[in-house]
Amino acid sequence: MDSCRRTGLSGVLCSLSLLCVILDIQLDGVLGATHVEIEHHLEMGRKLLAAGQLAEALSHYHSAVEGDSKNYLTYYKRAAVFLAMGKSKSALPDLTKAIQLKPDFLAARLQRGNILLKQGNTQEAREDFEAVLERSPDHEEAQDQLMRANELEELQEEAHAAYHQGDYSATISILERVIEISPWDPESRELRAECYIRMGDPQKAIQDLTPTTRLRNDNRAAFLKLSMLHYTLGEHHESLNHIRECLKLDQDDKECFSHYKQVKKLSKQLDSAEELIHMERYQEAIDKYDSVMKTEPNVPYYTNLAKERICYCLVKIRLAHDAIDVCSEAHQRDPRNANVLRDRAEAYILNQEYEKAVEDYQEAREFDDTPEIREGLERAQKLLKVSRKRDYYKILGVSRSANKQEIIKAYRKLAQQWHPDNFQSETEKKEAEKKFIDIASAKEVLTDPEMRQKFDAGEDPLDPENQQGGGGGGSAWPFHFDPFQSGGSFHFKFHQN
């Protein structure tokens with residue numbers, strides 16, 4: 001205040017003057033400290049970048065930019081970290097800021113031009129390369145990249161012209177070079193994906209569309225199209241994942257939400273049906289697959305799958321005739337499906353049509369030569385061989401799924417019908433004896449679980465060739481005695497088993 005009096009300043013002005021001096025002193029101290037901190041962040045960023053610790057380096061460059069927003073080199077260095085991390089879209093604003101701060105910064109212009117070229121933005125890329133060449137006419141990289149930008153622009157025009165002419169194969173061929181020059185251009189990949197769709201190759205379309213979900217911000221259209229493609233291919237879980245990504249971007253998107261409801265419903269039914277099969281609840285699984293066909297009647301994959309699995313379930317519950325009908329329809333819809341042929345072969349075995357079973361297994365083996373199918377073919381061939389000798393199911397007139405009670409009932413009826421005492425002439429009696437032995441043999445095999453299992457596997461347990469030490473000389477009668485050796489004067493009686 002004494003100095004104020006000496007200079008003649010009023011009290012208010014004097015106070016303001018002193019405040020400014022104090023602030024200047026404090027500001028100088030702050031700026032000095034900030035400069036040191038900025039240099040520290042830049043040095044740490046450089047070291048961490050060299051060590052490959054990109055996330056940590058980026059954090060230091062963020063701090064450096066916040067501390068000094070007028071340093072073009074700081075933006076350029078942060079852009080370099082973004083590029084090293086594969087985040088070209090984040091690098092562009094920093095390169096642009098560096099150029100704004102220093103318009104003659106050629107390295108930043110060249111780097112920005114390279115990114116724009118890879119993004120397919122030929123016009124802006126050309127401007128950057130031309131700006132570099134204006135200041136450095138002999139710059140080789142800028143010259144080469146300018147040529148590539150011109151080439152890319154011509155190719156893009158050719159590709160669109162071929163597409164509008166309906167020449168999708170030529171469009172794809174041209175786009176291969178386009179995408180080689182501009183791998184970050186979503187439009188070129190989307191166009192090629194559309195060509196693949198029109199040419200009936202959805203898998204390749206999926207390969208092109210998948211990266212576009214990252215190359216374009218808020219690319220709900222790509223997520224929706226990917227979901228629909230996976231859905232058509234029967235890949236319902238992948239379809240559900242993609243449509244959920246669309247709804248994450250906008251939960252009110254009408255197209256995505258509508259498709260989501262359809263995929264979710266169908267996927268739930270399919271998963272439920274397979275779970276029921278796993279639990280051996282086959283009739284419920286059949287009902288669930290009927291629902292699948294009602295939910296999605298327009299995509300052939302799901303109808304084919306439903307028919308295939310219903311065929312399988314009908315075999316499991318031993319409904320031979322129904323299984324043959326459904327399996328035949330499934331085979332007609334998908335002739336190269338080895339699973340359908342395998343299941344129909346098993347249905348034919350249940351129906352004692354062994355030749356057809358062998359044919360189906362042989363055809364299935366052409367498409368899928370697995371141990372399961374080879375074993376099935378071998379078993380069908382054995383059953384065919386046995387059936388040409390003696391088929392115990394046919395002898396008793398029962399199905400292969402008949403239970404013990406049904407077998408005994410059939411045996412009693414036939415044994416009573418063909419008992420030799422019922423016949424008078426010697427010829428008739430001998431024929432009856434043969435029939436009676438076959439009937440008794442059939443009952444013996446089919447009521448014994450172990451013997452029946454062998455027979456179902458294609459082996460006749462009463463065939464002397466299958467007996468240990470066999471080789472002829474075996475009696476035709478399986479009970480180790482012949483009731484006809486005393487001349488047939490015996491009385492047949494039924495015993496409760």
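Me: Cys195 first: buried or exposed?
Reply: In this predicted model, Cys195 counts as buried, at a relative accessibility of 0%.

Me: And what about Cys313, where is the nearest cysteine sulfur?
Reply: Cys313 is in no disulfide, and the nearest cysteine sulfur, which belongs to Cys311, is 9.1 Å away. Cys313 also counts as buried, at 0% relative accessibility.

Me: How many disulfides are there, then?
Reply: Searching the whole structure gives 2 disulfides. In one of them Cys246 and Cys256 are joined with their sulfur atoms 1.9 Å apart, and this link is right-handed, with 80° about the S-S bond. Cys246 lies in helix 13 and Cys256 in helix 14, so the pair ties together parts that are 10 residues apart in sequence.

Me: And what does the link between Cys311 and Cys327 look like?
Reply: The sulfur atoms of Cys311 and Cys327 are 1.9 Å apart, and the link is right-handed with 90° about the S-S bond. Cys311 belongs to helix 16 and Cys327 to helix 17, so parts 16 residues apart in sequence are tied together.

Me: Switching to rings, how many aromatic pairs turn up?
Reply: The search finds 10 aromatic pairs, including the edge-to-face pair of Tyr282 and Tyr312, at 6.4 Å centre to centre and 75° between the planes. Tyr282 lies in helix 15 and Tyr312 in helix 16, so this pair ties together parts that are 30 residues apart in sequence.

Me: Which charged end sits over the ring of Tyr312?
Reply: That of Arg309, 4.9 Å from the ring centre; Tyr312 itself is buried, with a relative accessible area of 18%.

Notes: Residues are numbered from 1 along each chain as its sequence is written. This is a predicted model: local features need pLDDT of at least 70, side-chain atom pairs count only at pLDDT 80 or more; totals for chains, interfaces and linings use all residues. Side-chain values use heavy atoms; hydrogens and water are left out. Rings of Phe, Tyr and Trp (its six-membered ring) pair if their centres lie within 6.5 Å; planes under 30 degrees apart count as stacked, over 60 as edge-to-face and the rest as tilted. Helices (H or I, at least four residues) and strands (E, at least two) are DSSP runs, numbered from the N terminus. Buried means under 20% relative accessible area, exposed over 50%, partly exposed in between (1.4 Å probe, protein chains only). A charge sits over a ring if NZ of Lys or CZ of Arg is within 6 Å of the ring centre and within 35 degrees of the ring normal. A disulfide is a pair of cysteine sulfur atoms within 2.5 Å.
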